[in-house]
2 protein chains.
Amino acid sequence: MTNQFGSVWTRAPRRPRTTGLSRDQIVRAAVTLLDKEGLDALSMRKLGSELGAGATSLYWHVANKNELLELALDEIWGLVGEAGSDPAAGLRDLLTTYAHNLRATLLAHPWSATLIGQVPSIGPQAFRVGDRLRRAFAEAGFQGADAYLASGTVTSFVVGQVVPMIAMEHAHGGPVDRETAMRLLEQVSADYPEIRADYRVLVPEGNTLGFDFGLGCVLDGLEARLRAATDAGRAASSASARR
Amino acid sequence: MTNQFGSVWTRAPRRPRTTGLSRDQIVRAAVTLLDKEGLDALSMRKLGSELGAGATSLYWHVANKNELLELALDEIWGLVGEAGSDPAAGLRDLLTTYAHNLRATLLAHPWSATLIGQVPSIGPQAFRVGDRLRRAFAEAGFQGADAYLASGTVTSFVVGQVVPMIAMEHAHGGPVDRETAMRLLEQVSADYPEIRADYRVLVPEGNTLGFDFGLGCVLDGLEARLRAATDAGRAASSASARR
DNA sequence: ACCTGAACACCGTTCAAGT
DNA sequence: ACCTGAACACCGTTCAAGT
């Protein structure tokens, strides 16, 4: 099979190492470097020398820099914590925990949020997270592919919240504290007094407020879908029972 | 004021040109080049020569490449069409139109979706779009800062849907048709038979399905909030009337 | 006020050659 | 099977110098 779709996950793996560098080791070093210096600062040369190897040595374990970034991103998906460890917890609690976990994980590794727009999240860890979430929806009563769609809805919202926020931090050169955010927003919203007034209310309340508001809406909407579907299901089964 | 926050939008502008290159001209050329060759292919040198100038000439009009990218991104926000031109249309129609407009605009300029995770969207056009949406929510009855939060919820969902999809296209080197997507997903979901089964149902239905499902949920959730708020408002005012 | 060219300090990647 | 070094074709940005 040709690797028409250019991704690590779509080409045959090389057999594991015997000695020297390993792909795992390279990816771990890359994540460390990314955490320390950010996406712009990662170069094959720097990573190589961090590992005591020539930059070009990496190319035996990895086809190119892009593949390395895909592997590093999947590593971050692997850090998104379990949410459904407590089976007694309801769907809403589980989703709230998941959403905050995902948010916190991406914020802790800001480069990963940027990468989400650059390389596909189709590695094993990304799938593990996605399937865990899908399963939770299925167990809550979402039928067939709706469970998958529902999981995509929650994840999209979180990603859509975090990614632009990371861009702000990137411009600022690090996490933006409340006061700095306020100064920036005052400056930039000069032509929109109503928005500026909103900022004055919202920013002091903390940066989770918009996230929680939106998440609440998303979860309400999903629960409404679930109710509608189970009601319809009951109606259909009682109709067939009547026959 | 020092420009602590490193963004075009936070430093004093230079007075407009008299002759030769202009910032507008540079930004327009950048957008054209980005549309034609993508984010990775944009270089100051290439852009300069496209304009018949030395690469370094650009640095008089723009502090650095990052500023240029901020300007280019804001240009795309400027392309997001009006949704509220028909005042008779309800909130839900308006939001649906907005969401699809934003999605289509980003997909038509894929580099812009990637940029959303790289540079902040705090330019005049981004604010224009945000304020138009906020105003629609306010007119529909969302009180105070809730209108702003509601607008952020919708935009987050759309961004969170489009950004990862762009990453897929980026890996493939262009838009992914249904058949290619199916082949890729079959390959990559090998360990998750339920997800694979969902793909077999969903992919043939077209790529707007997940978007429409999620958007429906988000809008349902927002409408529920609105109902709850107006009910509470009515209850409060009737309570005060009783006094 | 605006543009240029040379120069600096980097990049990712290929490939023949080594062990 | 794995690693190296040299080499290629690029980068973004600075800055003295020009008009």
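This is a predicted model: local features need pLDDT of at least 70, side-chain atom pairs count only at pLDDT 80 or more; totals for chains, interfaces and linings use all residues.
Residues are numbered from 1 along each chain as its sequence is written, chains are lettered from A and ligands numbered from 1 in the order in which they are written. Local features need pLDDT of at least 70 and side-chain atom pairs count only at pLDDT 80 or more, while totals for chains, interfaces and linings use all residues; side-chain values use heavy atoms, with hydrogens and water left out.

Of the atoms of DNA strand C that come within 4 Å of the protein, 52% belong to sugar and phosphate. By class, the surface near DNA strand C contains 6 nonpolar, 9 polar and 6 charged residues; here Ala, Val, Leu, Ile, Met, Phe, Trp, Tyr, Cys and Pro count as nonpolar, Asp, Glu, Lys and Arg as charged, and the others, Gly among them, as polar.

At least two residues of this surface are supplied by each of α2 (44-50) of chain A and α3 (58-61) of chain B, where helices are DSSP runs (H or I, at least four residues) numbered from the N terminus. The largest share, 3 residues, comes from α2(A). A base nitrogen of DNA strand C lies 2.4 Å from a polar side-chain atom of A:Arg45. Phosphate oxygens of DNA strand C are approached by backbone atoms: a polar backbone atom of A:Lys65 is at 2.8 Å from one phosphate oxygen, and a polar backbone atom of B:Gly54 is 3.0 Å from a phosphate oxygen.

DNA strand D is likewise surrounded by 21 residues, of which A:Ser57, A:Trp60, A:His61, B:Arg45 and B:Thr56 are the closest. Sugar and phosphate make up 53% of the atoms of DNA strand D that come within 4 Å of the protein. The surface near DNA strand D has 6 nonpolar, 9 polar and 6 charged residues.

A base oxygen of DNA strand D lies 2.9 Å from a polar side-chain atom of A:Thr56. Two or more residues of the surface near DNA strand D are given by α3 (58-61) of chain A and by α2 (44-50) of chain B. The largest share, 3 residues, comes from α2(B).

Note on methods: A residue is near a molecule or strand if one of its heavy atoms lies within 4 Å of it. A polar contact is a pair of N or O atoms within 3.5 Å; within protein, one must be able to donate a hydrogen and the other to accept it, and residues adjacent in sequence count only if both atoms are side-chain atoms.
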